[in-house]
Every structure is written in C-alpha cells, then in structure tokens.
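Hi,

Here is the structure I promised to pass on. Have a look at it first, and my notes follow below.

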Amino acid sequence: MRSKQIFLVDDDEIFRTAAEILISTHFPDFEIIHFENGLEVYERLLEIETTQSGLPQIMLLDINMPVMNGWELLEELKNHKGRIKNQVQIHISTSSIAPQDMNLSKTYDFIKGYIRKPITSADLKHISESLLV
C-alpha cells in the first residue's frame, strides 16, 4: 500500500515548521513533504505521474513564493493533460487578505479550498472531512 502524503508548498520555513506540527496531529498517518516553490513541486508531481507512483492526497499551496508562485503553478496544472489536478486535493494557504486572490482562486475548478494563514485545527478538520466524501 502506498503511503499517504501531504505536499506543503511554502517558502516560509517558520510557517512550514508550525504547519507540519499541526498537520501531523490531524493526519498522523500521512507523510508531510515540503517544497519551497511551485517549480519544485511541479517537477515532483510530473515525476510521480511519469513513474506511476502515488500522487499526494493533499497539497497546501502558498501563492506568494519565489521562482514559480502558486498562481503560476495553478496555470501549469490547469493546462496539464494528466491526472494531477483530478487526484490531488489542492488547498490554497495564504496570508493574502486581498479579495481578488480569493476570487481568482474560484476560477480554478480543481481548487478545493482557500485557507487564510495561519492554518487552524478547524481548517484541517474540514480538509480531513472532505477526504471522506
């Protein structure tokens, strides 16, 4: 059986550390793998898809990062013909309070949630419940 994974995509090391602690309490059976930008995670997703190994169940995606930001990653996934966007539950996790960011996130039909940082237990409970649906 393949391991359950959560991809945590964020360039802020302090946020990642705190989020990993909280995530591990709600998803104790999941391996948390972090990435610092969209390009790292996109390359990893393509590699996984090519080798037919298991995609992560959940991705928490920051939108403001260097190299490739979250919006650029979402555009790549939107145009990608593979199974990634249909099999990975993608949730934006951002410190942005800009209404246009939330509105933009709604234009991607494969986005499952929009979480304002910091991530809370209630956010993770909601994600956990949505996995069961």
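**Around strand β3**

Leucine 61 stands opposite isoleucine 92 in β4. That pair belongs to a parallel pairing, with four bridges joining β3 to strand β4 (residues 89-94). Keep in mind that this is a predicted model.

On to the other partner of β3: strand β1 (residues 4-9) also runs parallel to β3, and four bridges join the two. Here leucine 8 stands opposite leucine 60 in β3.

So which way do the side chains of β3 go? Ile58 and Leu60 point one way from the strand (residues 58-61), while Met59 and Leu61 point the other way. In a regular strand, side chains alternate between the two faces of the sheet. Whichever way they point, Ile58, Met59, Leu60 and Leu61 are all buried.

**The whole chain**

Zooming out, the protein chain has six helices and five strands. From the N terminus on, they come in the order β-α-β-α-β-α-α-β-α-β-α. The radius of gyration is 14 Å, close to the 14 Å that the globule rule gives for 133 residues, so the chain is as compact as a globular protein of that length.

Of the 133 residues, 44% are buried. Taking contacts between residues at least 6 apart in sequence, 69% join residues at least 24 apart.

Cheers

How values were computed. Residues numbered from 1 in each chain as written. Predicted model: local features only at pLDDT ≥ 70, side-chain atom pairs only at ≥ 80, totals over all residues. Heavy atoms only, no water. Rg over C-alpha atoms; globule rule 2.2 N^0.38 Å. Buried < 20%, exposed > 50% of the residue type's maximum accessible area, 1.4 Å probe, protein only. Contact = heavy atoms within 4.5 Å. Pairing = 2+ DSSP bridges.
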